[in-house]
Amino acid sequence: MTKSLGLYIHIPFCEKKCNYCDFYSVCPDKTMRQGYIKRLCEEIIKWGALTARPIDTLYIGGGTPSLLTAEELEKIFSAVRQSFVLTDDAEITCEVNPADNVSEFLSAAKGLGVNRISIGIQSADDNELKVLGRRHSFADAVNTVKLARSIGFHNITADLMLGLPDSSVSTLQKSIDALLKLNIEHISAYILKIEKDTPFSAISLNIPSDDCVADQYLQLCRSLNEHGFSHYEISNFAKKDFESRHNNKYWLTEEYIGIGPSAHSFFDGKRFFYERDLNSFIENTKIIEDGDGGSGEEFVMLSLRLKRGLIFSELEDRFGIEFSDRAMSLIKNLEKNRLCIVTDTSVSLTDEGMLVSNSVINNILGVLYENL
Ligand code: SF4
C-alpha cells in the first residue's frame, strides 16, 4: 500500500519579531510576499511531480500564515491540490496570530478545506504577552477562538509558554484556567528557552529556577489531565481523538515534505532542509542534505517522546535491536525513580520522566547501543 506523506508549508513572515523567537521569519513588504508565493507555488508543483504518494496531513505554519491575504492562501491551496492528492480525511492545519484581523482569512481557510486552527496564545496575562513582545492581548486571543468557532472550526489548538520571566506556578495556573475556559481541543506547551541572537539573549531576565519550572510543568500535566486532556507527547496535550496527526508523523518517524526557507523534510529515507534565507529561496533555491533518516536511534528518541512509548517488538522488527539484560535493568531502575513505566511490551516516560527526557533518553540509548 502507498504510504501517505505529510506536507509542511512555511510562511516566513512576521510583522514584528517576538523577543524569544528563533524561528525563521522576516518582516515582508507586498512585493516580497508576492515573489515568495510565486516561488513557493513553483516549488510545491515541483515536489508534486516527484511523488504520487497521497498527502494525509497538511500544515501551514510560520512565521505568520494569517498575514496572507485570502487570495495568496488560495494560490497556495491551488498549487497543492493541482500537484498532490489530498486524501478526503486529510488533517489540514493553519497557524493564526490573534493579533491579526483574521475574519476574512479564517473564512477563506475554511472554504479551502482547513479543518484545524493553531492559535499562538502563549499566555493569558497581558503583561507577560508584552514582555514576550507578542502583538496581541489575551482578549484578542479569546475573540480569535470565538471567531474560529463561529466560522465552523471544531478542532482548535493553542500554544502556551512555561517558565516565563517572573512567573510562578500560580501565575501559570491562571493562564491554564483561562485556556480551559476556551474549551479548545488541544494545547501545545513549551518551556521558554533563551535562544542565541534573540532580544531576550541580550537582556537580564528574572527566569524562574529549574525547580519552579519543573513544578509549573507538573502542575500543567495535572491540570490538563483533570480536564480530560491526554498528555500524548512531551509538549502536547489533546482531548480524545484530537492528537495532531501531522506532528505525530514527526514522532513516529513517518515521512513528510517541508517547503519554504528553514523547512525540513524526511523523504525517501533522506533528511534535508532549505536554507534559512528568503532571498536565496526565491532566487536560487538550495536544499541542504542532512543524512539518512529513520535510524534505530532516531526511532528510540522520538518514540520515547510519546506517551505510548517505545514498543519493544517494533524496535526488534524494524531494527533488529533487543533490550539486553543491562538495558532492562536500567529501565527498571528508572521506573523505581518514577521516571518511566515498563510493561511486558513497552517502556514509556512518566510526566516526571518527560521533564528530564533528554537525560533519560540518552541513558537508554547509551545502554541499547553500547555493544552495537
Ligand atoms: S509570531 Fe511566531 S514566528 Fe513570528 S516572531 Fe512571534 S513567535 Fe516567532
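Tutor: In this predicted model, ten residues of domain 1 are in contact with eight residues of domain 2. By class, the side of domain 1 that touches domain 2 consists of seven nonpolar, two polar and one charged residues. Domain 1 itself spans 5–251, and domain 2 spans 296–368. Their C-alpha centres are 29 Å apart.

Turning from the interface to helix packing, one may begin with a general point. A pair of packed helices is described by the angle between the axes and by the distance between them. Helix α1 (residues 30–50) packs against α2 at an angle of about 10 degrees, and the two axes lie 8 Å apart. An angle under 35 degrees counts as roughly parallel, and α1 is therefore roughly parallel to α2. On the α1 side, the contact is formed by R33, I37, L40, C41, I44, I45, W47, G48 and A49, while α2 contributes E72, K75, I76, A79, V80 and S83. Sorted by class, the residues of this contact of α1 with α2 comprise ten nonpolar, two polar and three charged.

Helix α2 (residues 70–83) also packs against helix α3 (residues 103–112), here at an angle of about 20 degrees and with the axes 9 Å apart. These two helices, α2 and α3, are therefore roughly parallel to each other as well. Their crossing is right-handed. From α2, the residues making the contact are A70, L73, E74 and F77; from α3, they are E104, F105, A108, A109 and L112. The contact of α2 with α3 has seven nonpolar residues, no polar ones and two charged ones.

Around the ligand are C14, K17, C18, C21, F23, S25, G62, G63, T64, N97 and G120. This shell divides into four nonpolar, six polar and one charged residues.

Note on methods:
Residues are numbered from 1 along each chain as its sequence is written. This is a predicted model: local features need pLDDT of at least 70, side-chain atom pairs count only at pLDDT 80 or more; totals for chains, interfaces and linings use all residues. A residue is near a molecule or strand if its C-beta atom, placed from the backbone, lies within 6 Å of it. Ala, Val, Leu, Ile, Met, Phe, Trp, Tyr, Cys and Pro count as nonpolar, Asp, Glu, Lys and Arg as charged, and the others, Gly among them, as polar. Axes are lines fitted to C-alpha atoms, for helices over the stretch in contact, and angles run from 0 to 180 degrees between N-to-C directions. Helices (H or I, at least four residues) and strands (E, at least two) are DSSP runs, numbered from the N terminus. Angles under 35 degrees count as roughly parallel, over 145 as roughly antiparallel, 65 to 115 as roughly perpendicular and the rest as oblique. A crossing is left-handed if the near helix is turned anticlockwise from the far one by less than a right angle, and right-handed if clockwise. Two residues are in contact if their C-beta atoms, placed from the backbone, lie within 7 Å. Domain bounds come from an automatic or database domain assignment.
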